[in-house]
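Hi,

Here is the structure I said I'd pass on. Have a look, and my notes follow below.

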Amino acid sequence: MAEIKADSSSIIACGNSILDLTNQYNEQIKGLFDSLIKINQRAWSGVSANEYVAKLEADRGDFENFGD
């Protein structure tokens, strides 16, 4: 029979690091998309800009789901 040795405190520490990193990722994604949503009001105008902004919510959802 195989013998398994595990250090539960190290596993918990790794899990906490992963949670911290995913929280950082989610904050960065939120900031990025909050900024991009306003691009047609600040730096780019026209039909293409409006179409791009309209599609951002679907993209945002994909990135947020990845973070979750």
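Which residues does Leu56 touch, not counting residues up to four places away in sequence? Leu56 is in contact (heavy atoms within 4.5 Å) with Phe33, Leu36 and Ile37.

Before going on, a word on the source: this is a predicted model, where local features need pLDDT of at least 70 and side-chain atom pairs count only at pLDDT 80 or more, while totals for chains, interfaces and linings use all residues. Residues are numbered from 1 along each chain as its sequence is written, and side-chain values use heavy atoms, with hydrogens and water left out.

Leu56 also belongs to the largest nonpolar core, five residues in all, with Ile29, Phe33, Leu36 and Val53. Helices here are DSSP runs of H or I, at least four residues, numbered from the N terminus.

Now the charges. The whole structure has five salt bridges (a side-chain nitrogen of Lys or Arg within 4 Å of a carboxyl oxygen of Asp or Glu). In H1, Asp34 and Lys30 sit four residues apart and pair at 3.0 Å, N to O. Arg60 pairs with Glu57 at 3.7 Å; Arg60 is buried at 10%, whereas Glu57 is partly exposed at 46%.

Cheers

How values were computed:
Core = buried A, V, L, I, M, F, W, Y, C linked by side-chain atoms within 4.5 Å. Buried < 20%, exposed > 50% of the residue type's maximum accessible area, 1.4 Å probe, protein only. Helix = DSSP H or I, 4+ residues; strand = E, 2+ residues; numbered from the N terminus.
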